[in-house]
Amino acid sequence: MRKNTFIFVAELGCNHQGNIKRAKEMIEEAQKAGCSIVKFQKRTPRLQFSPEKYNAPHPSPQNAFGKTYGEHRENLEFSIDIHKELMEYAQNLGIDYSSSVFDIVSTKEIISINPKHIKIPSPINNKCDIIECIAKNFNGIIHVSLGMTTKKEEKELITILKKHNKLKNTVLYHCVSAYPTQNNDASLLEITRLKETYSNQVLGFGFSSHHTDLFPSCIALALGATYIEHHITFNKNAKGSDHKISIDYEELKYLTNSLKKTESLLTYKEKEILDCELEIRKFHKENNMAVINNG
C-alpha cells in the first residue's frame with residue numbers, strides 16, 4: 001500500500017484555554033487522528049500589543065479570559081517551561097511539537113527548547129528582526145504563513161531566509177487571514193503560484209485553513225500542498241475566539257481520512273494497461289482486432 005506523504009498540522013493555538021491538562025488531552029486526540037505535528041502559540045503580550053490595546057477591553061467580552069485584552073492574553077499563555085513539557089509529552093506520543101511566535105522574546109524562548117519546527121505566522125511575517133533571529137539561530141524546519149501579505153513582504157522574507165541559507169528548510173503556506181474564510185475567498189491557486197515560483201528553493205508547500213468546510217484542504221493537497229494545517233478544538237461552543245473556526249475531533253478524524261483517500265487518487269498509472277483493464281481490453285479491443293484481421 002502506498003504510504004501517505006502529507007503532513008497534518010493540528011493547530012491547538014490557545015484553544016486549550018490556558019489549561020495544561022486540556023492541552024495534553026488535545027495532543028492525544030491529534031495523535032489518535034493521525035496528525036504529524038501539534039502547534040501551539042507563544043507570545044509576550046506586553047511586547048506584542050500597544051499599551052492602548054493591552055489595557056482595552058476584549059472586543060468580544062463573551063470570549064474574554066480577563067478584564068482587559070492584555071489580561072486575557074496573559075491568562076492563555078504557557079510559560080516556556082510548560083511549552084518544553086508539552087513538547088516532550090508530544091514526542092513521547094510520537095508526534096512533533098511546533099509553536100508560532102509573535103515577538104522577539106517568545107521567538108528566543110521557543111528556539112531555546114530546540115523544537116523540530118517553528119512557525120512564522122501571518123501577523124509577523126514582515127517583522128525582519130524576528131525572521132533574522134530565526135534564520136540565524138534555528139536549525140529546524142521553518143513554517144511560514146502568507147496570509148494578508150503583499151508580494152513585496154513575501155519577497156523580503158524570502159530574501160532574509162535565502163541570505164541565511166534557510167529556504168531549503170522552509171515550508172511556505174498559502175493562507176487567507178479571515179476567520180472563518182469563505183470559499184469564494186479561498187484563492188487556492190496561490191498554491192500553484194508558490195510552487196511555480198519557489199519549487200526548486202524550498203522544502204515544501206502548505207495550506208493553513210481557516211475554513212469551516214473541510215474539502216478545501218483536499219483540493220489544496222491535490223494542488224501540491226503537502227502540509228495541511230487546521231485549528232482543532234475539543235468543543236466548537238467553548239469560550240474563546242478560535243473555537244468556532246476550528247474543527248472538532250470527529251471532523252479531524254474525518255478530514256485526515258479524506259486526505260488519505262485524496263492522496264491515494266493522486267498517482268500516475270503504474271503501467272500502460274492496468275490489471276483492472278485487462279479483461280475489458282480483451283473484450284473491446286483484442287477481440288475486435290481479431291475480427292478486423294480475419295475480415
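This is a predicted model: local features need pLDDT of at least 70, side-chain atom pairs count only at pLDDT 80 or more; totals for chains, interfaces and linings use all residues.
Residues are numbered from 1 along each chain as its sequence is written, and side-chain values use heavy atoms, without hydrogens and water. Local features need pLDDT of at least 70 and side-chain atom pairs count only at pLDDT 80 or more, whereas totals for chains, interfaces and linings use all residues.

The largest nonpolar core holds 61 residues. Such a core joins buried Ala, Val, Leu, Ile, Met, Phe, Trp, Tyr and Cys residues through side-chain atoms within 4.5 Å; buried means under 20% relative accessible area (1.4 Å probe, protein chains only). Val38, Ile134 and Ile232 touch the most other members. Helix α7 gives the largest share, five residues; helices are DSSP runs (H or I, at least four residues) and strands likewise (E, at least two), numbered from the N terminus. A second, separate core of five residues includes Val9, Val171, Tyr173 and Tyr227.

The structure holds zero disulfides (cysteine sulfur pairs within 2.5 Å). The sulfur of Cys14 lies 16 Å from the closest cysteine sulfur, in Cys175, too far for a bond. Cys14 is buried, at 9% relative accessibility. For Cys133, the nearest cysteine sulfur is that of Cys128, 13 Å away. Cys133 is also buried, at 8%.

The largest pocket is lined by 48 residues. A pocket is an open set of points on a 1 Å grid over the protein atoms alone, where a 1.4 Å probe fits, with protein on both sides within 12 Å along at least five of seven lines; lining residues have an atom within 4 Å of a point. Gln41, Arg43, Phe102, Pro123 and Tyr179 lie nearest its centre. Helix α4 gives the most to the lining, four residues.

Methods:
Buried means under 20% relative accessible area, exposed over 50%, partly exposed in between (1.4 Å probe, protein chains only).
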